[in-house]
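Colleague: Hi! Could you walk me through this one?
Modeller: Happy to, here it is.
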Amino acid sequence: MDAAASALAHRVVPWLGRWPLPAAATWIFAWGVFAAVRPALGTASAAVLAGAAALVVAWREPRPWRRAIVALGFPVSALASGAAAGWPAWVWLLPPALLLLAYPRRAWGDAPLFPTPAGALDALAARIALPAGARVLDAGCGLGDGLRALHRAWPQAQVEGVELSPALAWLARRRCPWARVDRADMWARPWQGVALVYLFQRPESMARAWDKARAELAPGSWLVSLAFEVQGQPPTLSLPLDGGRVLHAWRIPGPTARGSARRQRAGSTRAHRRR
Ligand SMILES: C[S@@+](CC[C@H](N)C(=O)[O-])C[C@H]1O[C@@H](n2cnc3c(N)ncnc32)[C@H](O)[C@@H]1O
């Protein structure tokens, strides 16, 4: 590419990425897919394919609300244009069915699907050294973005994930073949033997997570939460991230530490009494 063409590309590409152009471009793209494949596949299958294509593009958007707008543009505009008149009724069951598959009812009490940004744990890795082979767990691992951030931050660690949604667990396994991903309830899954548990849930989940961490994690292990704190438990570390979120980490104190502090206090009291 000559210098003039490269300068033009530099100017045009950031401009094309400016919101809401990606949304408009995706909607047009989805309509293009629909129009192109409809003669061969029929209206319903073409619509499903076009909607899926828009969903794939939408996934690249960094913010959930933008993702929703990009993904929903095609189905909403199809409905509005009346193009959906000839679709069979079952097509309308697909979106809620997919939503339920991706996000089962029991997960609603914890957190919906918001992925961890790629480098969110890098600064924490500079503060927490884990031995090679240490087990790290993403509790509620969704599509695997938290698993990827853990793997990037502690490449020598053994990365594990637990996810309630069968569809998300299946996708996380495909995206993170180096991790062990179980389809299970994170509250039922034991945390014993894990060096660091990572959560990106909801404020309401944090007290329960703290109780579980205190009951099951060994002293010196870590509970890490993106964005949400445990009420009344000052974190050992709090690191601000780009975008305004804060990463909180608690080092689990042990009965040993508390016991030795108590023993030390008792010893110094006895020494006082002897004096
Ligand atoms: C905000 S997303 C975080 C995804 C991932 N940890 C990340 O940071 O990229 C929360 C995830 O927790 C899952 N989840 C909610 N409740 C759960 C539970 N009780 N057991 C396992 N997973 C759960 C949801 O299905 C969702 O995928």
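Colleague: Which residues touch the most other members of the largest nonpolar core?
Modeller: L124, I128, W154, L196 and Y198 do, out of 31 residues in that core. Such a core is a set of buried Ala, Val, Leu, Ile, Met, Phe, Trp, Tyr and Cys residues joined through side-chain atoms within 4.5 Å, with buried meaning under 20% relative accessible area (1.4 Å probe, protein chains only). This is a predicted model, where local features need pLDDT of at least 70 and side-chain atom pairs count only at pLDDT 80 or more, while totals for chains, interfaces and linings use all residues. Residues are numbered from 1 along each chain as its sequence is written, and side-chain values use heavy atoms, leaving out hydrogens and water.
Colleague: Which element gives the most to this core?
Modeller: Helix 7, with four residues. Helices here are DSSP runs of H or I, at least four residues, numbered from the N terminus.
Colleague: And what is I128 in contact with, beyond its neighbours within four places in sequence?
Modeller: W154, L196, W222, L237 and A249; contact means heavy atoms within 4.5 Å.
Colleague: New topic: at what angle do helix 2 and helix 4 pack?
Modeller: About 55°, with the axes 8 Å apart. Axes are lines fitted to C-alpha atoms over the stretch in contact, and angles run from 0 to 180 degrees between N-to-C directions.
Colleague: Which residues of helix 2 meet helix 4 there?
Modeller: A23, T26, W27, A30, W31 and F34 in helix 2 meet residues of helix 4 including I69, G73 and F74.

Terms used: Helices (H or I, at least four residues) and strands (E, at least two) are DSSP runs, numbered from the N terminus. Buried means under 20% relative accessible area, exposed over 50%, partly exposed in between (1.4 Å probe, protein chains only).
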